[in-house]
Amino acid sequence: MRLSRFFVDAPLSLGDHELPEAQAHYISRVLRMNEGDAVQLFDGSGQEFRASLLEVGKKRVVVQVTETFAGQVESPLQIHLGQGLSRGERMDWAIQKATELGVNEITPIFSDRCEVRLKDERADKRLQHWRQVAISACEQCGRSRVPVIHPPQLLADWLKQAEADLKLVLHPVAEPLVSHAKPGSLAFLIGPEGGLTDGEVETAQGAGFHSARLGPRVLRTETAPVVALAVAQQLWGDF
């Protein structure tokens with residue numbers, strides 16, 4: 001039977017550990033688990049930890065870690081996704097599926113046609129929310145490392161900083177992904193709901209990005225990363 005699996009944002013080791021209050025509430029009130037039940041934990045280090053519940057309360061859960069072992073192996077293809085900001089669930093979907101498909105880093109991108117504006121406290125809340133989306137995706141899919149979700153950046157700033165063996169910007173008029181040689185690392189730029197402007201594509205190309213297409217149909221902003229990452233993993237990763 002598959003064990004319930006939880007991310008703990010603190011280093012784990014053999015012995016007793018108190019879980020955060022939010023997890024304690026979920027374990028005790030939602031899952032209604034009891035003392036003695038087994039769980040599996042991970043802390044983002046690449047290791048997995050088997051544990052049993054020693055104490056279960058509404059706000060306090062203590063576990064005893066009894067075993068540690070190597071977690072799921074990451075894809076050999078290192079991927080940094082620059083994802084144009086979209087509204088609400090579309091951005092959540094893109095981050096969730098990109099995490100399931102093995103992305104290592106995600107940077108939300110402000111571009112000309114981006115309809116989302118985030119400032120100060122709201123931006124911080126969205127960043128924490130996106131990080132939790134990635135954590136939940138890791139808990140579900142079995143990944144032992146959580147991708148880095150960077151704070152949103154202007155497109156021009158990200159283009160200057162993005163480093164990879166192969167840098168691609170999705171564009172409907174371009175060569176297919178298969179035309180490129182196998183890279184060890186990959187940077188993908190995907191536009192927002194309205195797409196990237198021709199000027200932005202040209203700027204990306206000036207920063208060393210190659211145009212690439214996924215097929216004859218124009219994909220939605222939340223669909224494009226799913227398809228792009230799946231194809232990249234099939235060509236050069238672990239699919």
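Q: Why is Arg90 called partly exposed in this predicted model?
A: Its relative accessible area is 28%. Buried means under 20% and exposed means over 50%. The value of 28% falls in between, so Arg90 counts as partly exposed.

Q: What makes Arg90 and Glu193 a salt bridge?
A: Their side chains meet at 2.2 Å, N to O. The cut-off is a Lys or Arg nitrogen within 4 Å of an Asp or Glu carboxyl oxygen. The pair therefore qualifies.

Q: Which parts of the chain does this pair link?
A: Arg90 lies in helix α2 (residues 89–100). Glu193 lies in the loop between β11 (185–190) and α5 (198–206). The two are 103 residues apart, and the pair links distant parts of the chain.

Q: Why is Glu193 called partly exposed?
A: Glu193 has a relative accessible area of 25%.

Q: What does the pair of Arg143 and Glu74 tie together, and why?
A: Arg143 sits in the loop between α3 (120–141) and β8 (148–149). Glu74 sits in the loop between β5 (61–70) and β6 (78–84). The pair therefore ties together parts that are 69 residues apart in sequence.

Q: Are Arg143 and Glu74 buried or exposed?
A: Arg143 is buried, and Glu74 is buried as well.

Q: What makes Glu100 and Lys97 a salt bridge, and where do they lie?
A: Their side chains meet at 3.5 Å, N to O. That is within 4 Å, so they count. Both residues lie in helix α2, 3 residues apart, about one turn of the helix. An α-helix has 3.6 residues a turn, so residues three or four places apart point the same way.

Q: How many salt bridges does a search of the whole structure find?
A: The search finds 10 salt bridges. Glu18, Glu55 and Arg60 are linked in a network of them.

Q: Why is Glu48 called buried?
A: Its relative accessible area is 2%. The limit is under 20%, so Glu48 is buried. Glu48 lies in strand β4 (residues 47–56). Among the residues it touches are Arg5, Gln40, Phe42, Glu67 and Arg143.

Q: Which residues of α6 are buried?
A: They are Ala224, Pro225, Ala228, Leu229, Ala232, Gln233 and Trp236.

Q: What puts these residues on the same side of α6?
A: They cover an arc of only 145° around the axis, which puts them on the same side. The buried residues of α6 pack against β6, α2, β10 (166–176) and β11.

Q: Why is Val218 called exposed?
A: Val218 has a relative accessible area of 76%. That is over 50%, so the label is exposed. Val218 is found in the loop between β12 (210–213) and α6.

Q: What makes the phi of Arg32 worth a look?
A: The phi of Arg32 is near 55°, a positive value in a residue other than glycine. Arg32 lies in the loop between α1 and β3 (38–42). Its relative accessibility is 58%, over 50%, so Arg32 counts as exposed.

Q: How many helices and strands are in the chain?
A: The chain has 6 helices and 12 strands. Of its 239 residues, 47% are buried.

How values were computed. Residues are numbered from 1 along each chain as its sequence is written. This is a predicted model: local features need pLDDT of at least 70, side-chain atom pairs count only at pLDDT 80 or more; totals for chains, interfaces and linings use all residues. Side-chain values use heavy atoms; hydrogens and water are left out. Helices (H or I, at least four residues) and strands (E, at least two) are DSSP runs, numbered from the N terminus. Buried means under 20% relative accessible area, exposed over 50%, partly exposed in between (1.4 Å probe, protein chains only). The arc is that of the directions from the helix axis to the C-beta atoms. Contact means heavy atoms within 4.5 Å.
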